[in-house]
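Please look through the sequence and the model below before reading on. The report then takes up a few of its features in turn.

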Amino acid sequence: MKCVGIIGVGSYVPTNIVSNRELEAELDTSSEWIRQRTGIEERRIASEDMDTSDMAIIAAKNALRNASLDASQLDLILVATTTPDFLFPSVACIVQEALGVPNIPAMDLSAACTGFVYAVVTGKQFIDSNTYKNVLVIGSEKFSKIIDWSDRNTAVLFGDGAGAVILSEVSEGKGILAFELGADGTGAKDLLVDNKTNFVTMNGREVFKFAVRQMPESSLSVVHKAGLTKEDVDFLVPHQANIRIIDAARERLGLDKNKVSTTVTKHGNTSAASIPLALFSEIESGKINDGDVIVMVGFGGGLTWGSICLKWGK
Ligand code: UT7
């Protein structure tokens with residue numbers, strides 16, 4: 001079996017920062033409520049002329065540079081998103097054109113906030129099977145376009161951004177050690193984009209209950225699948241939705257607060273972009289280093305969940 005890992009990371013967040021205070025002025029909410037109940041302090045909101053593919057392209061170029069790889073060496077492009085520019089063509093095809101790599105397959109994958117984990121696992125299968133060598137996986141979302149900005153239940157939670165990774169074969173013992181994917185369609189109604197309004201609607205309490213159960217469970221289970229124990233885990237990169245949900249996963253793994261990513265404070269929930277954005281941020285700040293065992297874990301609409309246990313490095 002091949003060892004498949006991440007050989008490059010990149011990200012992009014819009015420059016426009018929207019603070020809790022600004023939302024307080026527009027909605028029946030308070031800066032304090034948002035911070036205490038979610039951990040979010042601010043989020044990035046993309047401008048009118050910047051769509052999901054524009055952010056995806058910048059993140060992808062950064063990841064290619066980070067991997068010292070030329071776009072022509074890519075064999076497959078996967079984009080996890082719930083906010084594509086169009087119903088079709090896919091964001092992946094728009095990225096392919098922008099990167100100037102004609103003919104290679106490109107597709108979007110929809111698993112809401114778990115989309116990035118699903119896409120990485122999908123990309124890995126193609127490398128494992130000797131079909132492709134280098135796979136570009138992007139999580140990109142312009143969530144602000146499906147938000148009803150008068151609904152305080154959702155408007156305070158989300159943000160825009162993109163993160164990208166390059167998957168490739170890495171040296172023995174490194175890369176993805178184990179993964180777990182799951183879905184429970186009975187919860188589909190709890191988090192969806194309403195066909196009539198095109199806005200997100202959410203049963204926050206139900207999603208919260210699901211998340212505080214599923215995210216810690218999946219984090220631990222993927223570590224065991226890798227043949228490790230929680231003591232072996234160096235860093236946790238969970239989906240960034242709510243600091244209280246993140247804490248539940250962190251506590252289950254018995255990790256200190258400085259061993260978990262909490263970029264939710266600055267980015268809000270960026271759905272499929274949240275894990276790669278958080279990963280990029282932790283690598284940049286030197287918190288994840290060569291040889292570290294990390295767990296990436298997500299949950300979201302579907303309802304879906306997924307986790308990956310990975311030994312960092314090439
Ligand atoms: O990527 C997956 C996406 N979704 C999620 O991750 C969401 C998961 N759920 C959550 O993170 C939390 O459930 C929320 C942050 C959405 C809500 O926090 P909570 O502590 O579960 O609050 P709650 O739903 O129990 O509501 C408490 C109160 C309610 O008022 P009443 O009924 O007690 O009078 C809400 O109406 O807070 C009210 N509320 C707000 N108040 C001020 C709800 N949203 C707001 C708001 N500002 N923005």
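## About the model

The model is predicted, and local features need a pLDDT of at least 70, side-chain atom pairs count only at pLDDT 80 or more, while totals for chains, interfaces and linings use all residues. Residues are numbered from 1 along each chain as its sequence is written, and side-chain values use heavy atoms, with hydrogens and water left out.

## The ligand and its shell

The ligand sits in the largest pocket. A pocket is, on a 1 Å grid over the protein atoms alone, an open set of points where a 1.4 Å probe fits, with protein on both sides within 12 Å along at least five of seven lines, and a molecule sits in it if more than half of its atoms lie within 2 Å of its grid points. Helix H2 (31–38), helix H6 (152–155) and helix H7 (204–225) are the elements that each give two or more residues to the shell around the ligand, and the largest share, 4 residues, comes from H7. Helices (H or I, at least four residues) and strands (E, at least two) are DSSP runs, numbered from the N terminus.

The ligand is surrounded by 21 residues, with Thr29, Arg37, Arg205, His239 and Asn242 the closest; a residue is counted here if one of its heavy atoms lies within 4 Å of the molecule.

A polar contact is a pair of N or O atoms within 3.5 Å. An N or O atom in the side chain of His239 is 2.8 Å from an oxygen atom of the ligand, and for the side chain of Asn269 the distance from such an atom to a ligand oxygen is 2.8 Å.

## An aromatic pair

The count of aromatic pairs comes to 4, where rings of Phe, Tyr and Trp (its six-membered ring) pair if their centres lie within 6.5 Å, and planes under 30 degrees apart count as stacked, over 60 as edge-to-face and the rest as tilted. The pair of Phe210 and Phe299 is edge-to-face because the ring centres are 6.4 Å apart and the planes are at 70 degrees. This pair links distant parts of the chain, since Phe210 is in helix H7 and Phe299 in strand E12 (residues 293–300), 89 residues apart.

## Backbone features

The peptide bond from Phe88 to Pro89 is cis, with omega near 5 degrees, and Pro89 lies in the loop between strand E4 (76–80) and helix H4 (91–99). Asn103 is not a glycine, yet has a positive phi of about 80 degrees.

Methods: A polar contact is a pair of N or O atoms within 3.5 Å; within protein, one must be able to donate a hydrogen and the other to accept it, and residues adjacent in sequence count only if both atoms are side-chain atoms. On a 1 Å grid over the protein atoms alone, a cavity is a set of points where a 1.4 Å probe fits but cannot get out, and a pocket is an open set with protein on both sides within 12 Å along at least five of seven lines; lining residues have an atom within 4 Å of a point.
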